[in-house]
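Here's a quick walk through one structure, from a single helix out to a whole chain and a chain-to-chain contact. Have the sequence and the 3D view open as you read.

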Amino acid sequence: MFRNFFHKKVRISNLIESNTRHDDSNQLAKIPHSIDETLAALQTRLGESKDIIYRCFLLNQTNIRASIVYIDDLTDANMINNQVMKTVLSDLNDPPTKNDDLLSLYLFKFIDVGDVSKTHSISEVIEKILQGNTIFLIDGVSQAICIGTSKWETRSIEEPTVENTIRGPKESFTEDLKNNISLLRRKIKNENLRFLSLNIGETTKTDICISYLHKKADPSLVTEVKSRLENIDMEGILESRYLEEWIVDHPYSVFPQLDHTERPDRVAAMLMEGRIAIFCNGTPWVLIVPTIFMQFFTSPGDYYQNFYFSTFIRWLRFIASMLTLTIPAFYIALITMHQEMIPTQLALRIAGSRANVPFPAVVEAFLMEITFEILREAGIRLPKAAGQAVSIVGALIIGQAAVDAGIVSPIKIIVVSLTGICSFALPNYSLGLTIRLLRFPLMILASLLGIPGIAVALLALLTYMTSIKSFGLPYLSPLSPLTQGDFKDTLFRAPLFKLGNNKSKFGFKPKNKNEFDIEDEEQ
Amino acid sequence: MKKSRILLISFILLICILLSGCWNRREIESLSFVLASGIDQSGDQFQLSTQVVNTEALAKNAPSGIHSYFVFTSKGKTIFDAVRNATQSAPSKLFWSHTKVLVLSEEVAQKGALSALGFFIRDAEERRNFHILVTPGRAETVINADVKTKSLPAMALANTLESNYKSTSQTSIVTLNDFLLEIHGTECPIVPTIKIIKTQKGEQEYQILGSAVFNKDKFISYLSPIETRGVQWVKGKVKSGIIVTPCLDAGKNDKDGKISFEIYQEKSKIDIKKGNNQISIEVHIKERGNLAEGACIKSEINPNTLAKINKLKETAIKEEIQGALKKAYELKTDVFGFGEQIHRKYPKDWKTMKDNWSNKFPSIPVKIIVDSRINGTGLIQVNEGGKK
Amino acid sequence: MNLSNHLPIISSRQLGLILISIRVAVMTVFLPTAWSTPDPKNAWLSAILSGIGGMIITYLFVVLSRKYPDQTLIQIFETIFGKWLGALFSIIYLYFFLNIASVIVREFAEVLNTALMPETPVSIFIVYVMVAVIFAVFRGLEAIIRTNAITLPISLISLVVILCLLVKTYHPELILPILEDGIKPVVRGSLVPLSLFGEVILLPMLYPYVQDKENVLRYSMLAQIISIFILLGLILAIISTFGAEEAKNLTLPVFSLVRMISIANFFERVEAIMVAIWISLLYTKMCIYLYVTVIGTAQLFRLKNVKCLIFPLGITVLILANKDFKNLSDLKYYTMKEWNPISLLIEYIIPCFLVVVSYFSRRKRLT
C-alpha cells in the first residue's frame with residue numbers, strides 16, 4: 001500500500017524535475033564563441049573558489065588565446081604540467097592557424113592523454129571539472145576538450161572491518177569507486193562483466209555503478225534496477241543506504257531488503273549467481289540486488305571452510321536470531337502468566353531468585369534490556385579501546401551490582417546477556433538491528449497476552465515477511481514458495497562441487513495472471 | 001492508504017484496550033506453589049492440608065534456618081470450597097500446577113475417592129500425572145511430617161515412591177490418570193500406602209508399604225508388600241526387586257541360609273481361553289533375573305544347579321501370585337484386570353458376566369505359568385564355599 | 001517490466017498444505033470423533049470411514065473444478081444456475097464461510113481462555129487475533145498460503161514428535177474390543193468428522209489460482225490421506241492414554257494429552273508447543289476463510305476493489321464471534337452437533353447435485 005503511494009509520488013516529482021532540468025540545459029546549452037564569455041560564464045557558475053585554476057595562455061606560440069580550467073586538488077599536477085601544458089605551450093614547427101579545425105587537431109593529434117573527449121555544453125563542462133577533468137578551451141571554438149586528469153588521495157585497501165572471516169581474502173572495498181571496480185575486475189576476468197554508470201544526487205552528483213554479469217543476470221532486472229535508481233530524487237547520496245531506502249520495494253518495512261557487503265569476493269560470488277551489485281562512490285558498502293531473507297544468514301566465510309561446519313553454523317545463526325527475538329518475550333510470558341509451563345524445579349529456582357526483587361518481571365525486563373542497548377550504543381560511540389572497556393565494565397559491574405543489591409534477579413541477567421550474545425551471532429548487522437528492535441513490541445505483547453500474544457504476533461510477522469518481495473523475488477524465497485534446489489545453499493551449505501554452476505536459481509517466475517486478486521489490484 | 005490508517009488506528013485502540021488491564025498477570029515469586037496436598041475427613045467436611053513452598057527460602061542469600069515450606073490447613077464442604085478457604089491463612093491463591101503428590105486418608109477413600117478428586121480432574125491448572133497415595137492415618141500428618149530431606153518433603157516423597165517402586169516393585173505407582181483409567185473399567189486400582197514412622201531418635205520418616213485396594217473409587221482393604229507384587233506380576237508392572245528363598249539343598253530349618261535373587265520382569269500376558277462355554281485364564285510370566293546372594297550354595301555352579309536354583313525362584317514367584325489371587329478372591333475385587341481382558345477378547349460373553357463380575361470372578365480358574373531364567377551369577381563364577 | 005508487480009499464484013502443493021491445515025486445526029482442538037460417536041472405542045474406525053467419504057467428495061470437487069478451471073465456486077453457481085438462483089446459492093455459501101470463520105475465531109479465543117488464561121476475557125483474544133487476520137488478508141492470498149507452507153510442516157512435525165514422546169503412556173489394549181456394538185454406532189460416529197473432511201470445499205474456491213492444475217488431484221488426495229492419518233494418530237493416542245470413557249469427557253483431549261508428557265522429570269510441561277500449534281493452525285484457517293469470503297463476495301457483486309470488503313467483513317466476523325456462544329462446551333456442542341447436518345448438506349449434498357447438473361448441462365450444450 002505504502003509502496004504504491006510512494007512510487008506514484010516519485011514518478012510525478014521526477015517528471016517535473018526532468019522538465020526543469022531540460023529547460024536549464026537549453027538556456028545554457030552552448031559554449032559561447034568567445035573565450036572570455038566562456039570563462040565568465042564558468043566563473044559565475046563555479047563562483048570564487050580558491051581551488052579552481054583558470055590558466056590562460058597563447059596556443060603554441062600563436063596568437064590564439066586558449067585556457068585550461070581544472071580543480072587543483074582533484075587533478076594530477078604531474079600530468080597537467082608534463083603532458084597537457086607541454087603540449088599546448090611547446091613550439092611547433094607547423095603552428096596551427098585560426099582557420100584550422102583547432103578542436104579536432106588538438107583532440108586527435110596533439111594532446112597525449114588517453115581519456116579525452118569533447119563537449120559543447122557549459123553544464124557538462126562544469127560537471128567534468130568537478131569530476132577532476134581538465135577543460136581545454138580555445139578562443140573562437142564553441143566546444144571544449146575534456147582531458148581526464150583526475151587523481152586524488154584514496155585510502156589504501158585494507159582488511160574488512162565488519163565482515164571478518166578466518167580464512168579467505170583479506171581485502172575490502174574502499175571509498176573510491178574506481179578502486180572498487182578494479183578490485184572486482186581483478187576477481188572476474190570476463191568479457192561479460194558489465195558496469196553501468198549513473199550520476200545521482202542533485203547536489204552531490206554521486207557516481208553510481210550497476211554491475212552485473214551479462215547473460216547471467218536477468219536483463220529485465222537490470223533495467224528495473226536502473227529505472228529505480230534513475231527515479232531517485234534526492235539532494236545528496238552519501239552512502240549506499242541512501243539508495244537502498246529509495247529503491248527497495250517496501251520502504252516502510254523494518255526488514256533489511258538489500259544485502260550489503262564490503263568484500264569483493266562476496267560481490268563476485270553474488271554476480272555469478274546472476275545478481276546485480278550497486279556500487280556507490282564514497283562508501284565501501286556495495287548493495288546486492290535482489291536479496292532474500294536467507295541471505296542474511298550466510299557469510300562469505302561459509303564457503304571457505306568445511307561444509308558440515310558451515311551448515312551447522314548456519315543453523316546456529318537461525319537459532320540465535322530466533323532466540324534474540326523471542327527469549328525476552330518468552331521469559332516475561334512464562335514467569336508472569338504461564339508458570340505452569342516451567343518444569344517444577346526450574347520454576348522454584350526462578351521463584352527463589354526473584355524472591356526479593358522489588359520490580360514486577362515486566363519492568364525488570366524492560367529495565368535490563370534497555371540498559372543493555374544503551375551499553376551497546378555507548379560502546380560504539382566511544383573510541384575503540386575505551387568502548388570495549390565500557391561495555392565490559394558496564395555489563396559485568398552493573399549486572400553484578402544490580403543482582404547483589406537485589407534489584408534484578410540473576411535469571412534476568414542471564415536472559416539479557418543471552419539475548420545480547422545471540423544478536424552478535426548474525427553475520428548481517430542490519431538484520432540484527434531489526435531483530436533487536438522487534439523484540440520490544442514482542443515483550444509488550446507478551447506482558448499483556450502471554451504466549452498467545454507472542455505467537456499471533458510472530459505469525460503476523462511471518463505473514464508480512466512472506467508477502468514482501470525484493471525486486472520481484474519473494475523475500476522468504478527458498479522456504480516459501482518452496483524451491484527445493486535452493487536449500488543447498490540456504491539452510492545447508494552443500495559441498496561446492498554439488499552446488500555446481502547453478503548455485504542458486506532463486507525464486508520462480510509467474511506464468512499466468514488472475515482476474516481477482518487483492519495484491520495487484522491497486523497497481 | 002485509508003485502510004492502512006484504519007489498521008493503525010485499530011491497532012492503537014487494541015493496545016489501549018489491552019493496557020487497561022492485565023488479567024492473568026501474577027508474579028512468579030508471589031505464587032503459593034502447592035507441591036503436596038492431603039485430604040482428610042472432618043465431620044461431614046473435607047479438610048485440606050497443603051504443603052506450600054516458601055520461595056524466600058530458595059533465594060540465594062536467604063537467612064539460614066528459615067523453613068522451606070509451610071503447611072496450610074482449611075476446611076470446606078467440597079474440595080474447591082476448602083481450596084478457596086485456604087486463602088484465609090495462605091498469603092496468596094494456591095497454585096496447583098506443580099502438585100506432585102496427593103494423599104488421601106483412609107476415611108476419605110472409603111467414602112469414595114472421586115468426590116475428593118473431582119476438583120483435580122476438572123481444574124485447568126491441574127495435571128493428571130501426580131501421584132495418589134493412601135494413608136491409614138490422617139493425611140495431615142503425612143503432609144506435616146518433618147522428614148530428613150535434601151529438598152522439599154513433597155519432592156522427597158515423590159522420589160522415594162518412585163525409587164521404592166523401581167527397586168522393590170512391592171508398591172504401585174498410580175497417577176490421577178491411571179486411577180481414572182482403571183475405575184472406568186472393572187479393574188480395581190491399587191494405590192500405594194504411606195505411613196509416617198518415628199525413628200529411634202524421634203525423627204519422622206516416610207514409609208511406603210504395600211498398597212490399598214479400591215473397588216471402583218471406594219477403598220476396601222490393604223495389600224501387603226508381597227501381595228502387591230503378586231498383583232504387579234500379573235499386570236506386568238514389576239520393574240525390579242529382590243526375592244529371597246531358602247537355600248538350595250537346605251532342609252526346612254532356616255539356619256542353612258538364604259539365597260536372594262534380583263528379578264527383572266520382561267513381560268506378562270493374560271490369555272483368556274474358552275472351552276466348553278467355560279472361560280479360563282492363563283497368566284504367562286516371563287522373568288529374567290540374576291543370582292545376587294548365595295553364600296550358602298555348597299555345590300559348584302553349573303547348568304544343573306542353576307536349573308535347580310531357578311526352580312526355587314519360579315516357585316517363589318508363583319507363590320507370590322497365588323497369595324495375591326487368594327487375597328483378591330477374599331476381597332472379591334478384580335485387581336488384575338481379568339474382566340477387561342475378557343471384555344476385549346470375548347465381548348459377547350462379557351455382557352452376560354459384567355453385572356455380577358465381582359461374585360463371578362473367584363470362580364474362574366486361573367493357571368499361572370512362569371518362565372523364569374537366571375541370566376547372571378554376578379562376578380563370582382564358582383562359589384568359594386562350594387570349593388571347600 | 002516491473003518485477004514487483006507479481007501476481008498471486010499458488011502451487012497445487014501449497015493448496016494441498018492449506019487443505020491439511022484447515023482440517024487438522026479442528027482436530028487438534030476438539031478431536032471430533034472421540035466426543036461425538038456413541039462408540040468411542042471404535043472412533044478410529046469412524047475416522048477411516050469418514051476419511052473415505054472425504055476422498056470421494058475431494059474427487060468430485062476436482063472434477064467440478066476441472067470443468068470450470070477459471071471459475072471459483074461462486075462463479076460456477078452463476079454459470080450453472082443463472083444470475084438469480086446462482087446468487088442465492090452463492091449467498092448461502094458465503095454465509096457458510098463467514099460462519100466457519102467466526103466459529104474458528106471464537107474457538108481460538110475460547111480454547112486459549114479455557115486452557116491457558118482463564119481470567120482474560122474472550123473478547124480480548126477475538127479482537128487481538130482479528131487484527132492479525134485482517135492484516136494477513138490485506139497482505140493477500142499468497143502471503144496466507146506461504147505462511148501456512150512454513151508453519152504447517154513445523155506444526156505437523158511437532159505433533160508427531162509429541163505423539164512419539166508419549167509412547168510410555170499408551171495402553172494399546174484399551175482400543176479393544178473392535179466393533180463391540182456392531183457397525184451402526186461407527187457409521188453414526190463418522191458423520192461429524194465427515195463434515196470436517198468436507199471442508200475441502202475450499203478447493204473450488206482456490207482452484208483458479210493454482211498454477212499447475214494438473215497436479216491438484218494428486219495433492220488434494222494426498223492432503224486428505226495425511227489428514228486421515230493425523231486424525232487416526234490422535235484418536236488412537238488419546239483412547240489408548242485416557243481410555244474411551246474418559247476421552248469422551250475431555251473438553252480439549254489433545255491438550256490434556258500433551259500435558260501427560262514427562263520425560264526425565266525435566267522435559268515436561270511442553271503445552272506451550274501445543275498452544276503454538278493451535279494458534280498457527282487456527283490462524284491459517286481464519287485467514288483463509290475470511291479471504292475466501294472476501295473474494296467470493298467481490299465476485300458475487302462484481303466488485304473491482306476487493307480490498308474495501310476486507311474491513312467490513314472482518315468486523316462482521318468479529319461481531320459474529322463475540323455473540324452467540326456461552327462457553328467452550330456450548331461451542332463444542334454447536335460445532336459438533338448442531339452445525340453438523342447443515343455442513344453436511346452444504347459440503348456434500350449440494351456439491352453432488354451441482355456435479356450432476358453440470359454434467360447434464362454440458363451434455364445439452366454438446367448436443
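## A helix in chain A

This is a predicted model. Start with helix H14 (residues 410-424) of chain A: its 15 residues, at 1.5 Å a residue, should span 21 Å, and the C-alpha atoms at its ends do sit 21 Å apart, so the two agree.

Which residues of H14(A) are buried? They are A:Ile411, A:Lys412, A:Val415, A:Val416, A:Thr419, A:Cys422 and A:Ser423. Around the axis they take up an arc of only 140 degrees, so they lie on the same side of H14(A).

What do the buried residues of H14(A) pack against? Their partners, in chain A, are helix H10 (307-336), helix H11 (344-353), helix H12 (361-381) and helix H15 (429-467). On the face turned away from the buried side, H14(A) carries the exposed residues A:Ile421 and A:Phe424.

## Chain B overall

Chain B has 13 helices plus 13 strands. Of its 388 residues, 39% are buried. If you take the contacts in chain B between residues at least 6 apart in sequence, 70% of them link residues at least 24 apart.

## Where chain C meets chain B

Chain C puts 26 residues into this contact and chain B puts in 21 residues. On the chain C side, helix H5 (83-115), helix H6 (122-139), helix H12 (244-249), helix H13 (253-259) and helix H15 (307-322) each give at least two residues. H6(C) supplies the largest share, 6 residues.

By type, the chain C side that touches chain B splits into 14 nonpolar, 5 polar and 7 charged residues.

Terms used:
Residues numbered from 1 in each chain as written. Chains lettered and ligands numbered in written order. Predicted model: local features only at pLDDT ≥ 70, side-chain atom pairs only at ≥ 80, totals over all residues. Contact = placed C-beta atoms within 7 Å. Helix = DSSP H or I, 4+ residues; strand = E, 2+ residues; numbered from the N terminus. Nonpolar A, V, L, I, M, F, W, Y, C, P; charged D, E, K, R; others polar. Expected span 1.5 Å × (residues − 1). Buried ≥ 20, exposed ≤ 12 C-beta atoms within 10 Å, placed from the backbone. Arc of directions from axis to C-beta.
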